[in-house]
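Hi,

Here is the structure I said I'd pass along. Have a look, and my notes on it follow below.

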Amino acid sequence: MLNEPVDPDVDLHVPPRPPAARRERQGPVVAAVALGGALGAVARYGSSLLWPTAPGAFPWTTMAVNTAGCALIGVLMAVLGAARTAHTLTRPFLGTGVLGGFTTFSTYAVDIQRLVEDGKAATGLAYLALTLLAALAAVWAAATGTRRVLCRRRRVLEERRRALEERRRAPEECGEGGRTR
């Protein structure tokens, strides 16, 4: 194989290995993703035990799990985007780990294959489209709703802060010595 001609368009460059310090910092991230993934997978398995799908039936449980997981991903991304500070492992643990382990798009693909193989191609196609639409709509609605709630909450907190500041200043402006009871 070494003497075979090589296509000049193929990049055979091997990138340098990351420094040892960088590899060491990835350990906590991998652990957070693994722990979160285990929790998410257990939750998904539990949902399949609670709401089992009969062979050949429409896979409502998988569709519901994927839709709910996508909604939670939308909430998580909106909250983390608005948060001024969040622990560096929050996103890997909750997003990649828990919600990545909870949602199951591989089962979704296998369900579609089974439906088609069982002669239910129309149902498989409907499942394909419905899950995709529901998942995308869930992410969008949850992220949009969460951002609105967070904005409303921020405004209310800001109004309360201003009202407290005005109450604290009012006695000083009236010459009452600064404190009221």
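**Aromatic cluster and a helix pair**

Phe58, Trp60, Phe105, Tyr108 and Tyr127 are linked into a cluster by ring pairs (ring centres within 6.5 Å, using the six-membered ring for Trp; planes under 30 degrees apart are stacked, over 60 edge-to-face, the rest tilted). Bear in mind that this is a predicted model, with local features needing pLDDT of at least 70 and side-chain atom pairs pLDDT 80 or more, while totals for chains, interfaces and linings use all residues. Numbering runs from 1 along each chain as its sequence is written, and side-chain values use heavy atoms, leaving out hydrogens and water.

There are four aromatic pairs in the structure. Phe58 and Trp60 make a tilted one, at 4.4 Å centre to centre with 45° between the planes. Phe58 is buried at 17% relative accessible area, whereas Trp60 is exposed at 55% (buried is under 20%, exposed over 50%, partly exposed in between, with a 1.4 Å probe and protein chains only).

Phe105 and Tyr108 have ring centres 5.7 Å apart and planes at 85°, so that pair is edge-to-face. Both sit in helix H4 (residues 105-117), three residues apart, or about one turn (helices are DSSP runs of H or I, at least four residues, numbered from the N terminus). Phe105 is partly exposed at 35%; Tyr108 is buried at 11%.

As for the helix pair, H2 (residues 60-82) and H3 (residues 90-102) pack at about 170°, axes 9 Å apart (lines fitted to C-alpha atoms over the stretch in contact, angles from 0 to 180 degrees between N-to-C directions). That makes them roughly antiparallel (over 145 degrees).

Cheers

Methods. Helix = DSSP H or I, 4+ residues; strand = E, 2+ residues; numbered from the N terminus. Parallel < 35°, antiparallel > 145°, perpendicular 65-115°, else oblique.
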